[in-house]
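Keep the sequence and the 3D view open while you read.

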Amino acid sequence: MREHDVELFNRAQAQDEHALELLYDRYEKLLFSFSFRMTKNKFLAEEVVQDVFTKIWSRQRNFDESKGKFSSWLLTVTRNATIDMLRKKKETPYELDERDALHDLGPSTEEQIEWKERSEQVREAVGQLTGDQQEIIELFYFKGMSQSKIAESCEIPLGTVKGRVRLALKHLRNKLSQVNERGGQDDV
């Protein structure tokens, strides 16, 4: 059996996929359970096993038959790979914290709620404008159309569009300032 393992190892290092599969089938469970005992993490243990076989395939590991049994050597390689993986994963929480900190740069929950309330106030104030003004505000601010495009699509002069936008904004400013003075949106 021992010689057979060595033969498979040598064939795997010579890029014989079948030999690597046989070695994998023979030792995968042993290496996984060995690594799992050290990591207590299924995913890390699987990564370690994959890493060990990748190193065998890419000839990053050399086995010297005169120094002991193949299975002992393979377990030593697995132990070292597990220790390396655990060291790498210790650095990961820092990276995760840093990544999470970047997400914290966005608006807070309070800011989102405040923004939503302000949006509702604006929508309600727009709802109190005349039909023409509502249409112009909708096209200009909510659909992002230029004043020229609005004039073209509504078939009205550009000056009329500008006048309606200016008048609508004046009405909105008055209505929203009334809301702010009263401290609520009930009287918009």
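1. Let's start with isoleucine 56. Once you set aside its neighbours within four places in sequence, isoleucine 56 is in contact with Phe9, Ala12, Gln13, Leu20 and Leu74. Keep in mind throughout that this is a predicted model.

2. Now zoom out to the group that isoleucine 56 belongs to. The largest nonpolar core has 22 residues, and Ile56 is among those with the most contacts inside it, along with Leu23, Val52, Phe53, Phe70 and Leu74. Which helices each supply at least two residues of this core? They are helix 1 (2–13), helix 2 (17–39), helix 3 (42–57) and helix 4 (70–103).

3. Glutamine 15 is a handy one to click on next. You'll find glutamine 15 in the loop between helix 1 and helix 2.

4. The protein chain has eight helices and zero strands, so if you read along the sequence you get the pattern α-α-α-α-α-α-α-α. Of its 188 residues, 27% count as buried. What share of the contacts with a separation of 6 or more comes from residues 24 or more positions apart? That share is 61%.

5. Next, look at the pair formed by helix 7 (residues 147–154) and helix 8 (residues 158–182). They pack at an angle of about 115°, and their axes are 8 Å apart. Helix 7 and helix 8 are therefore roughly perpendicular to each other. The crossing of helix 7 past helix 8 is right-handed. On the helix 7 side, the contact is made by Gln147, Ser148, Ile150 and Ala151, and on the helix 8 side by Leu158, Val161, Lys162 and Val165. Sort the residues of this contact by type and you get five nonpolar, two polar and one charged.

6. Setting aside neighbours within four places in sequence, glutamine 147 is in contact with Phe140, Leu158, Val161, Lys162 and Val165.

7. Last, a backbone detail to check. Most residues other than glycine have a negative phi. Where do we find a positive value in a residue other than glycine? Lysine 40 is one case, with phi near 55°, and glutamate 155 is another, also with phi near 55°. Lysine 40 lies in the loop between helix 2 and helix 3, while glutamate 155 is in the loop between helix 7 and helix 8. Are these residues buried or exposed? Lysine 40 is exposed, with a relative accessible area of 63%, and glutamate 155 counts as exposed at 72% relative accessibility.

Key: Residues numbered from 1 in each chain as written. Predicted model: local features only at pLDDT ≥ 70, side-chain atom pairs only at ≥ 80, totals over all residues. Heavy atoms only, no water. Core = buried A, V, L, I, M, F, W, Y, C linked by side-chain atoms within 4.5 Å. Buried < 20%, exposed > 50% of the residue type's maximum accessible area, 1.4 Å probe, protein only. Helix = DSSP H or I, 4+ residues; strand = E, 2+ residues; numbered from the N terminus. Contact = heavy atoms within 4.5 Å. Axes fitted to C-alpha atoms, helices over the stretch in contact; angles between N-to-C directions. Parallel < 35°, antiparallel > 145°, perpendicular 65-115°, else oblique. Left-handed = near helix turned anticlockwise from the far one by under 90°. Nonpolar A, V, L, I, M, F, W, Y, C, P; charged D, E, K, R; others polar.
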